[in-house]
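Here are a few friendly notes to read alongside the coordinates.

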Amino acid sequence: MYTLSKLFLAALSLTTLVGAHHQSRAHSRYRRNAGRRQFADKTYQIQDFYQGEDFFNNWDFFTGPDPTSGNVNYQSKSNAQSKGLAYVNDCDNSTVLAVDSTSTVAPGGNRDSVRITSQKSYSGGLFVIDASNMPVGCSTWPSFWTVGPNWPSAGEIDIIEGVNNQATNQMTLHSGTSQSCMIEKSNNNELFTGQVLGTNCHSSASADAGCAVEDTDTRSFGYGFNNAEGGVFALLWDNSSGMSVWHFARSEIPADLTAQTPNPSTWSTPAGFWSAQSCDISANFYDHQMVIDTTICGNWAGSSYSSSGCPGTCSEMVANATNYVDAQWVINYVAVYQ
């Protein structure tokens with residue numbers, strides 16, 4: 001196991017908060033509770049639907065230094081739009097958030113990128129993102145996540161995250177209170193299909209691994225996701241039962257989700273599940289804003305670069321503009337249901 005130290009974030013404002021974006025391969029010992037995953041037979045109703053220009057009007061562009069020490073200059077809305085890094089595709093109303101792939105940047109320098117945060121905050125619900133492309137390439141570190149104020153006290157949920165040439169998605173919970181938050185291991189695949197990387201969700205500035213689950217479907221991240229024409233990720237945040245994350249390839253999206261009448265109790269087994277029986281959900285997670293970003297190198301992508309199969313060094317890759325031609329989000333929509 002290794003843990004990457006992140007900058008001390010507790011004193012920063014919410015707009016400068018960042019996830020515990022690193023990989024933990026530890027398998028801590030924890031006694032599994034007997035409880036099973038249970039979803040209420042409920043059809044969820046749309047609360048907020050973000051598409052097209054909504055990402056420019058109802059989300060804020062973060063412009064501060066990257067708290068994960070990435071080699072990026074996060075752009076304002078006006079700069080991102082003028083540089084072609086944030087725009088709406090008129091053909092299908094999808095929203096593109098890209099890393100600069102044309103400028104000359106010195107090795108170890110900073111390349112322009114985009115990070116946006118929803119203006120609204122949430123303390124539960126069904127969160128859905130439909131994307132046809134996610135950023136790929138050596139040194140890239142894309143993520144879609146939610147975070148509360150005063151990290152880590154209000155928690156963090158990493159829904160989509162990975163680095164470099166990672167083959168599958170990593171989902172992680174980070175808690176920061178004295179209230180216990182652990183993950184149950186699913187040895188018989190009844191609870192979830194992913195592989196547990198760490199069982200203790202508690203995180204701090206010096207130990208921020210959290211409790212991660214790695215998807216087993218190569219269509220869930222990177223080139224595999226893009227080659228499958230993307231798909232959907234869904235987080236069900238239910239304070240009474242727990243947190244569940246699904247990934248659906250494009251051809252496997254549930255009909256009720258397409259019809260905007262989702263009932264997760266009818267869906268397949270989630271890729272990740274964190275039971276409320278082993279984690280006090282409402283005490284550890286509240287008032288979350290959604291974040292979509294792409295950084296370069298930094299605490300995770302940089303430290304794992306040498307073992308990723310990528311050429312040269314991460315600092316050298318920053319200078320290769322053509323490496324970032326496909327480093328872009330193409331988002332069809334983000335929806336929040338209650």
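1. A contact here means heavy atoms within 4.5 Å. With that in hand, 77% of the contacts in the protein chain with a separation of 6 or more come from residues 24 or more positions apart. Please keep in mind that this is a predicted model.

2. On the overall make-up, the protein chain has seven helices and 18 strands. It is 338 residues long, and 59% of them count as buried. The exposed surface comes to about 12500 Å², with carbon and sulfur atoms supplying 45% of it.

3. Have a look at T218, in the loop between β13 (211-214) and α3 (222-227). Its relative accessible area is 48%, so T218 is partly exposed. Leaving aside residues up to four places away in sequence, T218 touches A167, T168, G224 and F225. N169 is 49 residues from T218 in sequence, yet their C-alpha atoms are 8.0 Å apart.

4. The aromatic side chains deserve a tour: the whole structure holds 14 aromatic pairs. One of them joins F56 and F61, a tilted pair with centres 6.0 Å apart and 35° between the planes. F56 is buried at 4% relative accessibility, and F61 is buried at 14%. Y122 and F127 are edge-to-face, because their planes meet at 85° with the centres 5.5 Å apart. Both Y122 and F127 are buried.

5. Finally, two charges over rings. K42 lies over the face of Y44, 4.3 Å from the ring centre. The charged end of R115 sits over the ring of F62, at 4.5 Å from its centre.

Terms used
Residues numbered from 1 in each chain as written. Predicted model: local features only at pLDDT ≥ 70, side-chain atom pairs only at ≥ 80, totals over all residues. Heavy atoms only, no water. Helix = DSSP H or I, 4+ residues; strand = E, 2+ residues; numbered from the N terminus. Buried < 20%, exposed > 50% of the residue type's maximum accessible area, 1.4 Å probe, protein only. Areas by Shrake-Rupley, 256 points an atom, 1.4 Å probe, with all protein chains shown as cover. Phe/Tyr/Trp six-rings, centres within 6.5 Å; stacked < 30°, edge-to-face > 60°. Lys NZ or Arg CZ within 6 Å of the ring centre and 35° of its normal.
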